[in-house]
Amino acid sequence: MNETTPKVVVDHLSVSLGGNHILDGIDLSVAEHEFVCIIGTSGGGKTTLLRTVAGLLPPAGGSVRLDGETVVGPTPRISMVFQHFGLFPWKTVRSNVEYGLRVQGRSGYTERVDELLEIMNLTHAQHRYPHQLSGGMKQRVGIARALSMEPELLLLDEPFSAVDAITREVLQNEVLQLWERNEQMSAMLITHDVDEALLMADRIVVIAGPPGRIALEVPVSIPRPRTARSVRSHESYPDLREKLWDALQGGSDRTLESA
Amino acid sequence: MTTATEKTEATGNGSPGRPRKPPRSGLSPATRWSLRLASVLAIAVAWELYGSAINPVLLSSPTAIIGAFFEMIADGTLTKAMSESFVVLGVGSLIGVTAGLVIGLAAGRNQVFATLIELPLNALYATPTVALIPVIVVWFGFGPTAKTVVVTLFVLFPVLINTMRGVQEVDRELVEVARSFCSGERRMWFDLILPSALPYVVTGLRLAIGRALIGVIVAEFFTAFSGLGYLIVTNANSFQTDRTFVPILVIAALGVLLTALLELIERRVVRWSARD
């Protein structure tokens with residue numbers, strides 16, 4: 001973990017949607033090149049947290065700061081990978097990957113896009129349309145599109161929940177490798193899968209709600225590079241897993257929350 | 001790092017480029033065309049046999065109609081009527097489609113505007129446009145202007161309502177994607193709103209073709225002393241059944257042609273669709 005000034009600060013953040021209190025006083029920071037996983041049960045407000053960090057939702061109270069600057073709306077410094085891929089069905093794979101760059105009015109990105117397609121193993125499919133791809137390939141496009149912006153913060157909203165188990169493991173490793181290679185990039189990943197969080201995270205934050213509050217925050221010190229097996233066989237694994245489960249269950253059962 | 005899973009993940013055979021589309025049905029194009037031709041031929045033969053056996057006023061026959069067709073071209077009645085009707089059809093459709101698109105796009109994106117026009121729109125849409133023709137005649141007389149207005153009204157609503165729906169049904173997640181990449185409103189129109197509304201617009205246009213043809217013929221029944229509709233009425237009134245069928249078949253052929261043309265355009269433009 002990096003102990004220097006944090007890259008992202010979520011400062012006493014509260015969010016309401018349509019009169020409902022979704023998040024209540026969230027304090028959280030992400031250091032440069034730190035991988036933070038947020039887990040919580042459905043409806044606990046974790047996606048809302050991510051959307052607010054992305055600048056897609058205005059806070060009702062508190063703020064999100066990136067390098068000390070308050071995030072007031074979407075910025076190219078933060079990119080998001082979407083749960084249901086969020087690909088444009090009428091754009092080819094290549095043109096979907098180029099999307100962010102084109103919106104930003106950047107030029108001379110052909111080589112960069114070539115490289116991203118190569119890294120994500122999409123070169124052979126670059127002229128296909130999304131409906132011709134499997135879920136795993138679609139999410140590769142989503143990841144490539146997010147990375148094309150060279151973001152300082154990568155947000156991943158349950159990115160592997162819509163793909164099969166085998167593909168999920170492959171994609172998890174790919175994302176980890178991409179993050180490890182990119183030393184300026186911090187990441188926040190939302191999941192409800194404890195093992196996924198333990199595989200990917202430097203630090204895990206459990207959100208329990210509604211309204212969403214931080215129920216637990218634990219560092220994960222399992223050495224990298226990690227694999228599903230190396231995580232499971234690490235000495236701290238049983239303890240961490242139990243702690244996280246307890247926190248998650250406390251979140252879904254209001255009577256335990258005060259304990 | 002991904003090569004191992006590539007084979008299982010890619011849909012189809014993993015070959016580059018556009019994958020082959022499976023045929024829409026089990027029939028080959030040649031079979032389909034011969035079946036189409038056979039059905040038209042069968043109708044024509046049955047009509048010919050039965051039509052020439054009875055009084056020509058009742059049904060006439062394909063050969064008599066073909067004869068009348070050339071006669072009417074030679075004496076100029078058909079070409080004159082066609083040009084009169086087609087001008088009305090063209091101008092009326094153009095105005096109707098343009099207005100429908102513009103109002104539909106605006107209403108789809110602006111809730112205040114959509115709510116403002118909602119009740120009058122529904123009322124007008126529910127009213128059979130035919131019922132308005134007498135009023136339109138009062139306003140615009142019996143000339144081509146009235147006919148054009150009728151066609152415009154017939155075309156306007158299907159285009160407007162479908163376009164509006166298309167814009168409204170834009171995928172919320174994609175709007176979020178566009179916003180997260182800091183897309184401005186204008187880019188969003190081109191990247192997201194227009195492409196996703198396009199299939200709806202095409203549906204509106206398909207409905208509009210049929211309605212435009214109805215519109216022009218009905219308008220000519222009621223109003224102008226010109227056009228294909230007028231030709232139908234006068235020939236029928238003088239019991240020239242073969243000459244009555246000529247404009248009817250011209251209209252039918254035009255409908256088939258326009259629909260086929262639209263399908264061709266649709267296939268070009270909406271290539272990304274997952275309909276297959």
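A: A residue is counted as buried if 20 or more other C-beta atoms lie within 10 Å of its own. By that count, 49% of the 259 residues in chain A are buried. The model is a predicted one, with an ipTM of 0.85 and a pTM of 0.78.

The helix in question is α9 of chain B, residues 185–222. A straight helix of 38 residues would span 56 Å, at 1.5 Å a residue. Between its end C-alpha atoms, α9 of chain B spans only 46 Å.

As for confidence, the mean pLDDT of chain B is 86, and 89% of its residues score at least 70. Helix α4 of chain B (residues 77–109) has the highest confidence in the chain, at 94, while helix α1 of chain B (residues 3–9) has the lowest, at a mean of 38. Residues 1–20 of chain B have a pLDDT below 50, and this stretch makes 28 contacts in the model beyond near neighbours in sequence.

Chain A supplies the context. It contains 9 helices and 10 strands. Its radius of gyration is 18 Å, close to the 18 Å that the globule rule gives for 259 residues, so chain A is as compact as a globular protein of that length. Along the principal axes, the C-alpha atoms of chain A fill a box of roughly 55 × 40 × 35 Å. Of the contacts in chain A between residues at least 6 apart in sequence, 72% join residues at least 24 apart.

Definitions and conventions
Residues are numbered from 1 along each chain as its sequence is written. Chains are lettered from A and ligands numbered from 1 in the order in which they are written. This is a predicted model: local features need pLDDT of at least 70, side-chain atom pairs count only at pLDDT 80 or more; totals for chains, interfaces and linings use all residues. Helices (H or I, at least four residues) and strands (E, at least two) are DSSP runs, numbered from the N terminus. The radius of gyration is taken over C-alpha atoms; the globule rule is 2.2 Å times the number of residues to the power 0.38. A residue is buried if 20 or more other C-beta atoms lie within 10 Å of its own, exposed if 12 or fewer, and partly exposed in between; C-beta atoms are placed from the backbone. Two residues are in contact if their C-beta atoms, placed from the backbone, lie within 7 Å. The expected span of a helix is 1.5 Å times one less than its number of residues. pLDDT is the predictor's confidence in each residue, from 0 to 100.
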